[in-house]
Amino acid sequence: MSDTRIRLLREEDWDEVVALEERAYAASGLSEGREALRSRHRASPSTCFVLEHAGGFGGYLLALPYPLFRCPDLSATEEGAVRGNNRGSNQGSNLHTHDLVIAEWARGQGLARRMQRHLEEAGRAARCRTLSLVAVLGAQAVWAALGYRARPEIGLPASYGAEAVYMAKPLGPPVARPAVGSSLGAAAG
């Protein structure tokens, strides 16, 4: 996948991000709009990424530090909320995936998993101990396959709808990658 690159979200990406977010969520009533999305980015620009794939805009990921077992309200912006909510023993220990969307034309190629791995690396670099998210639109099984555990006892803002589920996973040490040419690397192919 040499034609794929993950980079930090930039100002010129917003039209693409907003259009993709609307296509993904408007029909379900979960679309937040430009200002709310931008507020997530302002809260943590170093953990918001864009996927460039095959010469086009392939998707985006917005993540921000948030206390474990809490999440952003889709109907509110993040102005000052992250700092205020992060006081206490969980400060800086959890990175919350607020949104991960892959463009329709780029789906089915493992790109969401690749974006998730990139976020895990960023979380480890920031010394986070856990990752969290809210699974919507029936995506709980997808996230469970990536190591997230459903926490149905965690109450969510009404803006997510009745079917949404809070999920979290521990963020362990980096996965060791075999050296090029090792027998394990050759067997994994």
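The model is predicted, so local features need pLDDT of at least 70 and side-chain atom pairs count only at pLDDT 80 or more, while totals for chains, interfaces and linings use all residues. Residues are numbered from 1 along each chain as its sequence is written, and side-chain values use heavy atoms, with hydrogens and water left out.

Start with the chain. The protein chain has six helices and seven strands. Helices (H or I, at least four residues) and strands (E, at least two) are DSSP runs, numbered from the N terminus. Along the sequence the pattern reads β-α-α-β-β-α-β-α-β-α-β-β-α. The chain holds 189 residues, and 45% of them are buried. Buried means under 20% relative accessible area, exposed over 50%, and partly exposed in between (1.4 Å probe, protein chains only). Contact means heavy atoms within 4.5 Å. Among the contacts with a separation of 6 or more, 71% join residues 24 or more positions apart.

Now the pocket. Rolling a probe the size of a water molecule over the atoms shows where empty space is left. The search runs on a 1 Å grid over the protein atoms alone. A cavity is a set of points where a 1.4 Å probe fits but cannot get out; a pocket is an open set with protein on both sides within 12 Å along at least five of seven lines. Lining residues have an atom within 4 Å of a point. Grid points are joined across faces, edges and corners, and a volume is the space filled by probe spheres set on the points.

The largest pocket contains about 710 Å³ of space. Its lining has 32 residues, and Y25, L100, V101, A139 and W143 are the closest to the centre. At least two lining residues each come from α1 (14–25), β4 (94–102), α4 (111–125), β5 (130–135) and α5 (140–145). β4 gives the largest share, seven residues. By class, 21 lining residues are nonpolar, six polar and five charged. Here Ala, Val, Leu, Ile, Met, Phe, Trp, Tyr, Cys and Pro count as nonpolar, Asp, Glu, Lys and Arg as charged, and the others, Gly among them, as polar.

Next, the interior. In soluble globular proteins, nonpolar side chains tend to be buried together. A nonpolar core is a set of buried Ala, Val, Leu, Ile, Met, Phe, Trp, Tyr and Cys residues joined through side-chain atoms within 4.5 Å. The largest such core has 25 residues, and L9, Y60, V134, V136, Y160 and Y166 have the most contacts inside it. α1, β2 (48–53), β3 (56–65) and β7 (165–170) each give two or more residues to this core. α1 gives the most, five. Another core lies apart from it, with 23 residues, including L61, A63, Y148 and M167.

Not counting residues up to four places away in sequence, V136 touches Y25, L30, Y160 and A164. A164 lies in the loop between β6 and β7. A164 counts as buried because its relative accessibility is 14%. Leaving aside neighbours within four places, A164 is in contact with V134, A135, V136 and L156. A164 and A135 are 29 residues apart in sequence, yet 5.6 Å apart in space, C-alpha to C-alpha.

Helix α2 (residues 34–43) holds H41. The buried residues of α2 are A36, L37, R38, S39, R40 and H41. Their cover includes α1, β2, β3 and β4. H41 has 14% relative accessibility, so it counts as buried. Beyond its neighbours within four places in sequence, H41 is in contact with L9, W14 and C48. C48 is buried, at 0% relative accessible area. C128 is also buried, at 11%. The whole structure has zero disulfides, a disulfide being a pair of cysteine sulfur atoms within 2.5 Å.

Last, the loops. R151 sits between β6 (149–150) and β7. R151 is buried, with 19% relative accessible area. Not counting residues up to four places away in sequence, R151 touches F69, V165, Y166 and M167. F69 lies in the loop between β3 and α3 (81–85), and is partly exposed at 31% relative accessible area.

Most residues other than glycine have a negative phi, and most peptide bonds are trans. F69 is not a glycine, yet has a positive phi of about 75°. R127, also not a glycine, has a positive phi of about 65°. R127 is in the loop between α4 and β5 and is exposed, with a relative accessible area of 72%.
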